Amino acid sequence: MSRRVPLGAMARMAGRRALFAVPVLLLVTFGVFAVAAASPFDPVKAYAGTAGLTATQDNLDQLRANLGVDQPLLPRWWHWVTSALTGDLGDSSVMRQPVADVIAERLGWSTLLAATAFAVAVLLGTALGVLAARRPGGWLDRTTTSAAYTLEAAPAFWLGLLAIWFFALKLGALPAGGLTDTASDTVTFDQVATHLVLPALVLGVSQLPWFFLYVRQGVADALEEDAVRGARARGLAERTVLLGHALRSGMLPMLTLVGSRVPELITGALLVETVFSWPGIAAATVQAAVSVDFPLLAALTVLATVAVLLGNLLSDLLYGLADPRVGFDG
Amino acid sequence: MADLTLTKDAPSRTWRSHGRTRRSTRTVRVAASAVIAAATVLAVLIVPPVVQLDEQAIDLALKLRPPSLAHPFGTDDVGRDLLLRCVYGLRVSLLVGLVAALVATVIGTAVGAAAAAFGGWTDRIVMRLVDTFSSVPHLLLGIFIVAMFRPGVWPVIVSVALTHWLSTARIVRSEVLSLRSRPFVDAAVSGGASRWRVTARHLLPAVLPQAGLAAVLMVPHAMWHESALSFLGLGLPTHQASLGTLVQTARGSLLAGDWWPTLFPGLFLIVPTLAIAGLAGAWRERINPRRRSELML
């Protein structure tokens with residue numbers, strides 16, 4: 001396996017995708033602004049709060065001009081796009097700081113949570129999938145498959161709440177939420193690690209069924225292939241056949257879909273971060289939505305779109321690397 | 001969640017048709033799904049008008065009682081019967097799910113069929129738009145829409161419908177494209193049928209089973225979205241029982257150690273979802289036994 005990595009072709013593919021991302025992002029931001037413009041929600045009244053009830057019309061108009069919401073949709077959108085390119089995403093009213101700062105502070109925690117959960121889902125899913133595929137229709141296969149379908153139907157926030165009840169309240173083994181203990185004012189590794197366990201497990205388990213079902217299917221199909229039969233005929237150990245031959249070819253179709261799980265990961269994070277009060281970007285999205293903080297909400301929607309596009313690119317690159325027949329033309 | 005039946009028919013080659021036992025467990029599964037789905041529909045249709053019990057009846061003396069004979073699911077933090085609340089919640093969630101799935105299917109079928117029937121630039125532009133919208137995570141877009149148009153049932157329905165027609169549009173488009181090259185379409189065209197007539201009389205009826213299947217599978221997914229939005233405090237108002245608001249209001253009791261107000265609404269979501277997925281899987285095998293269709297909902 002000393003095939004040279006076609007870096008040039010991969011870079012060209014990434015460049016093409018980046019070009020394609022520009023109109024997509026423009027369209028998404030415009031859509032976001034159009035929805036906001038159509039909404040009955042008045043940002044001036046929200047900004048002024050109870051003071052808005054007694055404020056004079058002049059003050060309200062001045063506020064409207066200051067917030068820039070007196071302009072029509074198109075200039076407002078264009079102004080937002082151009083200032084976003086210079087790094088100015090506006091100010092978040094619910095977090096009381098610039099949107100860029102909110103993202104910078106919270107993106108790392110969300111990435112940590114999502115990456116841990118993803119690792120849990122991939123490792124557990126692969127292990128269980130291979131075990132289940134070894135004996136199709138066996139008790140292990142039937143139990144795990146039924147459990148997977150049930151888990152897939154279970155909402156992540158519900159799983160999170162039950163996990164809190166069991167592990168934090170019943171057993172008292174793990175903290176129920178947050179990043180650190182409430183009494184602590186410094187962020188230490190130990191604290192974060194213990195607080196990470198439950199949310200990462202719940203998010204991972206909510207992604208698990210999908211990985212499991214795919215690996216099980218891929219390995220079971222691969223076990224019927226001639227290559228595997230040949231490996232068995234040559235007397236290779238069951239372990240080598242299963243992991244070296246069946247899993248390798250069975251994982252291939254899954255690889256292309258790994259990056260495309262980013263939307264589901266974001267969806268899960270929105271719920272899990274809220275349940276566990278994890279100080280990540282997804283929890284901030286929900287807070288922004290609840291208090292209609294448009295600048296934050298718009299920026300985070302765009303950020304999520306970027307993440308999805310990056311995930312798609314990643315999975316296509318991986319697939320092209322794993323299977324040279326596919327190439328990097330997309 | 002919700003690509004529940006993604007792999008259900010896929011195992012056909014390796015896992016199925018091994019004699020009678022396997023077949024009978026499959027039959028049992030379909031029958032069980034049918035019974036549960038029917039029971040669900042009956043419960044939400046019959047219980048509210050027939051059973052003259054007030055789901056909002058508050059009895060503080062009976063608050064947070066664990067499950068017992070009088071209250072099989074226990075009572076919530078103001079003494080309301082949870083079984084009754086769950087049935088009412090399921091009724092609301094199911095209604096939201098049905099309407100949203102119906103609207104999404106109509107939009108998706110129309111867009112997909114139009115894109116395929118016109119072809120060329122229309123098709124390219126429309127499908128690029130569909131790709132663009134698919135790049136925004138569903139729940140996030142839904143949250144955004146609901147946040148801007150709160151509160152009420154309609155914003156929830158609209159937000160779920162507007163985020164879910166994309167997959168149906170893709171399915172319908174690819175079905176129409178594959179049908180367009182069939183001889184019966186050529187026959188209709190050479191018989192002088194217009195583009196509209198071909199689409200309406202020959203293509204659409206042929207894709208309806210696929211679109212219907214997608215719609216059925218979308219119902220539990222839409223219910224899931226409704227409960228997620230309501231749980232986040234962005235969906236229905238908290239006094240209105242839906243599966244999501246029930247879990248949301250149960251959060252306080254859960255932290256005090258009372259598990260039943262959280263557990264049962266979740267089960268009310270999972271069990272019908274599995275039943276519908278089981279039925280849809282069986283239906284798919286019937287209408288499309290050989291091909292593995294993409295139903296990533």
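Modeller: Helices and strands here are DSSP runs, a helix having at least four residues and a strand at least two. The model itself is predicted.

Biologist: What does the UniProt record place at residues 90-280 of chain B?

Modeller: The unreviewed UniProt entry gives that span as "domain: ABC transmembrane type-1". For chain B the unreviewed entry also lists "transmembrane region" at residues 30-51, 92-118, 125-147 and 263-283. In the model, residues 92-118 of chain B are 100% helix, with end C-alpha atoms 39 Å apart. Residues 125-147 of chain B are 87% helix and 0% strand, and their end C-alpha atoms are 29 Å apart.

Biologist: How many helices and strands does chain B have, and how many are there in chain A?

Modeller: Chain B has ten helices and zero strands. Chain A has 14 helices and two strands. The C-alpha trace of chain A spans about 85 × 55 × 35 Å along its principal axes.

Biologist: Where does the record place the "transmembrane region" feature in chain A?

Modeller: The unreviewed UniProt entry places the feature at residues 112-133, 154-176, 196-215 and 296-315 of chain A. Among them, residues 112-133 are 100% helix and 0% strand, with end C-alpha atoms 31 Å apart. Residues 296-315 of chain A are likewise 100% helix and 0% strand, and their end C-alpha atoms lie 29 Å apart.

Biologist: How do you know that the span of helix α5 of chain A agrees with its number of residues?

Modeller: The expected span is 1.5 Å times one less than the number of residues. Helix α5 (residues 73-85) of chain A has 13 residues and should therefore span 18 Å; its end C-alpha atoms are 19 Å apart, which agrees. Just after α5(A), Gly87(A) takes a positive phi of about 95 degrees.

Biologist: Which residues other than glycine have a positive phi?

Modeller: Arg96(A) is one of them, with phi near 55 degrees, and Ser277(A) is another, with phi near 50 degrees. Arg96(A) lies in the loop between β1 (91-92) and β2 (97-98) of chain A. Ser277(A) is in the loop between α12 (262-275) and α13 (281-290) of chain A.

Biologist: What makes Asp293(A) a buried residue, and where is Asp293(A) found?

Modeller: Asp293(A) has 26 other C-beta atoms within 10 Å and is therefore buried. Asp293(A) is found in the loop between α13 and α14 (294-322) of chain A. Leaving out residues up to four places away in sequence, Asp293(A) touches Ser92(A), Ser93(A), Val94(A) and Ala288(A). Asp293(A) and Met95(A) are 198 residues apart in sequence, yet 9.0 Å apart in space, C-alpha to C-alpha.

Biologist: What share of each chain is buried?

Modeller: Buried residues make up 46% of the 297 residues in chain B and 37% of the 330 residues in chain A.

Biologist: Which residues have the most contacts inside the largest nonpolar core?

Modeller: They are Ile143(B) and Phe144(B), in a core of 156 residues. The largest share of this core, 18 residues, comes from helix α9 (residues 189-223) of chain A. Beyond its neighbours within four places in sequence, Phe144(B) is in contact with Val32(A), Val35(A), Ala289(A), Leu297(A) and Thr301(A).

Biologist: How many residues does each chain bring to the contact between chain A and chain B?

Modeller: The contact takes 41 residues from chain B and 46 residues from chain A. On the side of chain B that touches chain A, α5(B) gives the most, with nine residues. The residues of that side of chain B divide into 28 nonpolar, eleven polar and two charged.

Technical notes. Residues are numbered from 1 along each chain as its sequence is written. Chains are lettered from A and ligands numbered from 1 in the order in which they are written. This is a predicted model: local features need pLDDT of at least 70, side-chain atom pairs count only at pLDDT 80 or more; totals for chains, interfaces and linings use all residues. A nonpolar core is a set of buried Ala, Val, Leu, Ile, Met, Phe, Trp, Tyr and Cys residues joined through C-beta atoms within 7 Å. A residue is buried if 20 or more other C-beta atoms lie within 10 Å of its own, exposed if 12 or fewer, and partly exposed in between; C-beta atoms are placed from the backbone. Two residues are in contact if their C-beta atoms, placed from the backbone, lie within 7 Å. Ala, Val, Leu, Ile, Met, Phe, Trp, Tyr, Cys and Pro count as nonpolar, Asp, Glu, Lys and Arg as charged, and the others, Gly among them, as polar. UniProt positions are given in the numbering used here, feature names are shortened, and annotations may be inferred rather than shown by experiment.
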